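Dear colleague,

Please find the structure below.

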Amino acid sequence: MTDTLIKVDLSKSPTENENIHNRWHPDIPMACWVNPGDDFILETFDWTGGFIKNNDSADDVRDIDLTTVHYLSGPVGVKGAEPGDLLVVDLLDIGAKPDSLWGFNGFFSKKNGGGFLTEHFPEAQKSIWDFKGMFTSSRHIPGVNFAGLIHPGLIGCLPDRKMLDLWNEREQQLINTDPTAGLANPPSPGTAHMGKMTGEARAKAAAEGARTVPPREHGGNCDIKDLSRGAKVFFPVYVDGAGLSVGDLHFSQGDGEITFCGAIEMAGWVHMKVTLIKGGMAKYGIKNPIFKPSVITPHYNDYLIFEGISVDEAGKQYYLDVNVAYRQACLNAIEYLKKFGYSGAQAYSILGTAPVQGHISGVVDVPNACATLWLPTQIFDFDINPNASGPIKHIDGKIAMPLSHDLK
């Protein structure tokens with residue numbers, strides 16, 4: 001039997017668990033140690049630590065304090081791992097906790113985090129998704145049912161002191177260019193949970209600890225849907241023991257995690273195996289993780305592909321801006337799905353949760369980059385392909401996502 005090295009109790013706060021942390025810092029003690037070649041299981045909270053509930057109100061999405069996240073299980077120390085090595089992580093299996101067979105997707109209020117399309121969806125909303133084996137559906141978004149590609153949204157190793165200082169310095173420089181724009185997230189010691197750390201050492205580390213929001217050189221919050229069971233990841237090692245942590249599990253996600261609260265978020269467990277490539281960073285010229293994807297993917301082979309170019313909704317021209325182009329592809333898909341009866345919010349949630357593919361399709365044809373969004377047609381209970389008769393409204397609009405007006 002494989003040992004479960006970190007367990008979580010979903011009835012308790014993650015801050016009561018010393019094997020959980022929500023900041024990156026080289027001084028966070030290892031929660032446990034393993035040998036190269038060991039396999040083991042880590043249980044995880046959902047990324048909000050249980051703040052979002054399985055109900056028909058989006059007040060929790062509206063009111064969450066985003067300085068508290070993400071809650072990660074770890075760090076796991078690997079004996080013999082040294083700076084410059086590569087930590088090889090095989091994701092053997094991933095699943096939902098048996099006592100929590102549901103997940104959530106949401107849009108943050110514009111006043112509290114916003115998101116990729118926050119100008120179009122400024123108020124907090126959410127949808128609840130129930131798991132039935134490998135499939136999921138939502139009482140808030142009728143007419144869709146799809147297989148999940150379960151993966152950790154966030155996984156990575158501890159930074160060393162030099163790297164932590166680099167992160168904080170460069171991100172603060174960006175913040176200073178426009179302090180009110182929310183360009184990055186500086187350390188926030190008041191809500192830092194630093195695992196087993198206590199006393200003055202904990203207070204100092206909390207004041208320095210990097211937030212878990214962005215991906216960085218060590219991995220982190222990359223939200224790559226193809227890091228599913230069967231995937232293999234090669235992580236740069238920066239501290240003795242590597243310090244591997246994982247969390248933010250997703251039952252399913254569209255490329256880009258465009259809704260920000262963004263996939264189908266869930267509590268669960270990860271079964272993994274670790275090995276080492278000594279000196280692997282220099283041998284292979286690696287400064288960011290690389291990975292081999294899972295051989296298991298949902299089998300959808302019929303898509304509608306929506307294009308976007310780097311001209312925004314107001315008609316402003318951008319130069320080869322892939323971000324603007326992907327926004328337009330997403331907005332084009334949302335407008336299309338509205339013709340079948342979905343609200344804009346329901347359509348947006350589908351793009352954030354279903355296994356849609358995002359592609360950078362062209363970056364050389366000045367001035368317009370071209371991005372595409374691939375929407376699998378087989379996830380719908382009805383035909384969404386264009387035809388001469390025009391779209392039929394299969395959704396009557398009586399079932400809607402819970403919404404919270406911005407009262408706070």
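Threonine 136 lies in strand β9, residues 135-138 (strands, E, at least two residues, and helices, H or I, at least four, are DSSP runs numbered from the N terminus). This is a predicted model, in which local features need pLDDT of at least 70 and side-chain atom pairs count only at pLDDT 80 or more, while totals for chains, interfaces and linings use all residues. Residues are numbered from 1 along each chain as its sequence is written, and side-chain values use heavy atoms, with hydrogens and water left out.

With a relative accessible area of 0%, threonine 136 is buried (under 20% relative accessible area; exposed is over 50%, partly exposed in between, with a 1.4 Å probe and protein chains only). Its side chain reaches the backbone oxygen of aspartate 130 at 2.9 Å.

Threonine 68 is placed in the loop between α1 (59-63) and β5 (72-78). This residue also counts as buried, at 16% relative accessibility. A polar atom of its side chain lies 2.8 Å from the backbone oxygen of aspartate 65.

The count of aromatic pairs comes to 16 (ring centres of Phe, Tyr and Trp, the latter by its six-membered ring, within 6.5 Å; planes under 30 degrees apart are stacked, over 60 edge-to-face, the rest tilted). Phenylalanine 306 and tyrosine 336 form an edge-to-face pair, 5.3 Å centre to centre with 65° between the planes. Phenylalanine 306 is in strand β19 (residues 303-309) and tyrosine 336 in helix α5 (residues 322-338), 30 residues apart.

Yours sincerely

Key:
A polar contact is a pair of N or O atoms within 3.5 Å; within protein, one must be able to donate a hydrogen and the other to accept it, and residues adjacent in sequence count only if both atoms are side-chain atoms.
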